Amino acid sequence: MRIMVTGLGMVSALGNDIAENLISLKDKKTGIGAIEILKTVHKDSWVAGEIKQTNADLTDTLEIDDSLTYPRTTLLGIHAAREAFKNAGLEVTDGSRTGIVVGTTVGGMDLSETFYRKPKENPSFIATHSCGFTTEKIADYLGITGTMSTISTACSSGLNAIAYGARLIRHGYIDRAIVGGTDALSLFTLNGFKTLMILDDQLCAPFDKNRKGLNLGEGAGFLVIESEKSLNERKGEAICTLSGWGNANDAFHQTASSPEGNGPYMCMHKALEQAALIPKDIGYINVHGTGTENNDLTEGIALKRIFGEDVPPFSSTKSYTGHTLGAAGGVEAVIAVLTLQHQVCFPNLNFARAIEELGLLPLTEVQENTTLKHVMTNSFGFGGNDSSLIFSKL
Amino acid sequence: MYINQYVCISPDKVTINNESSIINEEKSDFRVFTKQIYRSYALQYPKFFKMDEHSRLGFLAASLLLGPEPELENENTAMVMMNAESTLFTDSQYKESISGIPSPALFVYTLPNIVMGEIAIKYKFKGENIFLVEPAFEAQKLYDHTSLIFDTTPTQSCIAGWVNVESTKNYLAVLYLVERIANSQKCITFDPTNIEKTFQS
Amino acid sequence: MAELISSLKEQIIEQLNLEDLTPEDIDEKDPLFGDGLGLDSIDALELIVLLEREYGIKVENPADGKKIFYSIETMADFIEKNRKK
C-alpha cells in the first residue's frame, strides 16, 4: 500500500507558514540570530533559530479559548498541524479513522520552568506539562479521534512520529494521520546543551572542517499522510509518497555516534531496503548535520558507507532553522518534501572547507530545476536512536 | 508472538514470571532497594551508578529479564517502551542543578529513550527502538505498538514494556521479552489478555 | 599537594558516582580515561563542572580536558596553578 503525502505545515525561525519558509530558504536567509523572546541571562552569549512571536501572539492567531494556558510547544504544534490539514484539503468526516502522532521532547517545559516556583501565578502548568498534552490539543483542534500517540526519542522524535503514523495506516488502524514534531526553546534545553559544550556561539557550519557545534532552534513541522485508497475515495491530491523509513540503535554512547557511523548506516540502509531503492536512486539528502564535531564526521562516514564515492547532493538546513530537537524530523521532512515538490535543493549555509577525513562537499547554492525522484532525510537522537525517511515522486 | 519471560520491579518487590524474587522488606527508598537488587544479581556494571532513576529502573529490569548473555540477534532485537511521566522526576533534579552549575550527565538523562540507549549499549542491541508517552498503561496499546514492529520488520525479539518513575516511593517497571518463537517452558502467548493478567501495578 | 590529591579523589568518586571505588583504589598517576577508570566524554564534562564549582576554574574548551584530566596528578597540578578558591 502506498503512503501518500497530501499536506504540509511548518512554523520556524524562517517563517510562519510554508510560503514564508520557502521564501527564506530560496533567498538563503537564515533564521538564526539573537535571542529576543526567551528570557535568559545567556541571550547575549548564544544565537538560536527563534520564532519572533510571543506565546500571546500565537494564542491570538490560533484563536484559542481555553481556561488552560497553552505551552509554546503546543502552540507551535497546532499552528503547523492546522496548516498541514488545510493544505491537504482535509475535512474530518470520520475523526476515528484519522490519527495523530507527535514527536516532542520539550513538552510544556517553557511554562513549567517559569511557574514551578510560583505556581499561584499559573497553576495550569501542571496540567499542560506532559508531552501528550500537545498531541491531545492538536487532536481537539482538528477534530481527530483516531489513534493518538506521542513519541519522545530525542532528536529523532519527529521522524519516528512520521514513520509510526505510516505504519499505523499500512496496518489498517487508521486511514490517514497528521504526523510530525514540535519543540519550543526553553531555558532547560539551552542550559543543557551549553553544559554539554556542543553549542556554537556563532552561526553553525555543518559539515565544515572548522565547525564548532550546533545552534538551537524551535519550530513545528507536520505532514498529512494517507492511504492511497482513502485519498482516492475523497478525491484528494497527493504531493508525493512516503516510500521508506528505517530506525536503528547505534548502541555505542548516549550523546555520540560510533566512529563507523553504525546507527546512521543501518537506518539509511533499512529505509532504502523498504523503499526497494538502491543508493544511486537518491537524488538529494537533507542530512542531520547538526554542526557538531562528532555528528557530521560520523554521518559523513555512514554516507560514504552507503553511497561510496557517489554521495548524492546533500545539505543541512539546520544552518537555516537551528536544531529544532524533537521538531527537527518534522521540520526537515517538510523541507525534503518541498525539495521534491518544487524541484529545488536548499544549500548548507556557512560552509567553507570540507572535513578532511571525508572530503565531502555539501551544496552551497540553491539548485533549481532539478529532476529529483527520491529524497532522503535523516535525524539522529541522543540514546543512539537513529532514523531515516525517503520521499518519492508520484 | 510469545512472552518468553517477564519481570516486574515495584517498590514492594521484584518478580520474575510472576514468582517472587526479592522482597523489599525494609521498605527502602528507590536507590537503596535498586542497589540491593543490583548486588543480589551481581550485575557488575559500574555505569549503573551514574544513571538516573528512570534509566536505573529500566536497565535493572532488562538485566534481570535477559541475564548476562542472552542469545538474541542484536540487529533484530527491538525495544518498545512506554510511560506516563516521561522523565519528570529527573527533569526536576536537573532543573534544580541549573541554579548552581547544571549537570551535563543529568541533562542527558532528561530524555525518556536514554534508558533504551543504556540497554542497547550494554547488550549491543541495534534494532528498532521507540519510546512512547501515554496517559496511563493500557495492555491493548502495548500489544498494538509491539505487534506493529513484528509485523512490519524482521524483528525476532523485542523488549517491550512500561518504565515509569513518579517518585522514590512510587515507580514501576514491567518488561516482557516478546519473541516470534516460543522458547521457554513458561512462555505464554503475547496478547492483550495475557499482558493485562501479568502486568502488576 | 597531598591533601589536594586526597580531596580530589573523594570529590571525583562523588561527582562521577563511582560507587564501588574508595580513594585507596585510585592511584594518582593512573590514566582516568580509556582503560583506567573507564570514564567517558560526559564524565569529562562533569569534571569540568567540578573544577568550576570547587576551585573556581572555568575550562572553556572541552578539548583541553584531555591533558588536564589525564590523571589525578595532572588534575592536581592544573588546579594548583589555576585555582581561584
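The model is predicted.

The sheet lies in chain A. Three strands form it, in the order β2-β3-β7 (chain A). The sheet is open, and its pairing is mixed. Strands β2 (33–34) and β7 (216–217) of chain A are the edge strands. Each of these two pairs on one side only. Strand β3 (residues 47–49) of chain A runs parallel to β7(A), and two bridges join them. One residue pair can be named here: Gly49(A) has Gly217(A), in β7(A), as its bridge partner.

Two helices of chain A also pack together. They are α7 (residues 157–170) and α13 (residues 328–342) of chain A. Their axes lie 5 Å apart, at an angle of about 70°. Angles of 65 to 115 degrees count as roughly perpendicular, so α7(A) is roughly perpendicular to α13(A). By class, the contact of α7(A) with α13(A) has five nonpolar and five polar residues. No charged residues take part in this helix contact. From α7(A) come Ser157(A), Gly158(A), Leu159(A), Asn160(A) and Ile162(A). They meet Ala328(A), Gly329(A), Gly330(A), Val331(A) and Ala333(A) in α13(A).

Chain A touches chain B as well. The contact takes 33 residues from chain A and 30 residues from chain B. Several elements of chain A each supply at least two residues to this side: α6 (131–142), β5 (148–151), α7, α8 (187–195), β9 (240–249) and α10 (262–274). Helix α8(A) gives the most, with four residues. On the side of chain A that touches chain B, ten residues are nonpolar, 21 are polar and two are charged.

The contact between chains A and C takes six residues from chain A and five residues from chain C. The chain C side has three nonpolar residues, one polar and one charged.

Chain C itself has four helices and zero strands. From the N terminus on, its elements run α-α-α-α. Its radius of gyration is 12 Å, close to the 12 Å that the globule rule gives for 85 residues, so chain C is as compact as a globular protein of that length. Along the principal axes, the C-alpha atoms of chain C fill a box of roughly 30 × 25 × 20 Å. Of its 85 residues, 26% count as buried. Contacts in chain C were also sorted by sequence separation. Among those between residues at least 6 apart in sequence, 58% join residues at least 24 apart.

Key: Residues numbered from 1 in each chain as written. Chains lettered and ligands numbered in written order. Predicted model: local features only at pLDDT ≥ 70, side-chain atom pairs only at ≥ 80, totals over all residues. Pairing = 2+ DSSP bridges. Contact = placed C-beta atoms within 7 Å. Nonpolar A, V, L, I, M, F, W, Y, C, P; charged D, E, K, R; others polar. Axes fitted to C-alpha atoms, helices over the stretch in contact; angles between N-to-C directions. Parallel < 35°, antiparallel > 145°, perpendicular 65-115°, else oblique. Rg over C-alpha atoms; globule rule 2.2 N^0.38 Å. Buried ≥ 20, exposed ≤ 12 C-beta atoms within 10 Å, placed from the backbone.
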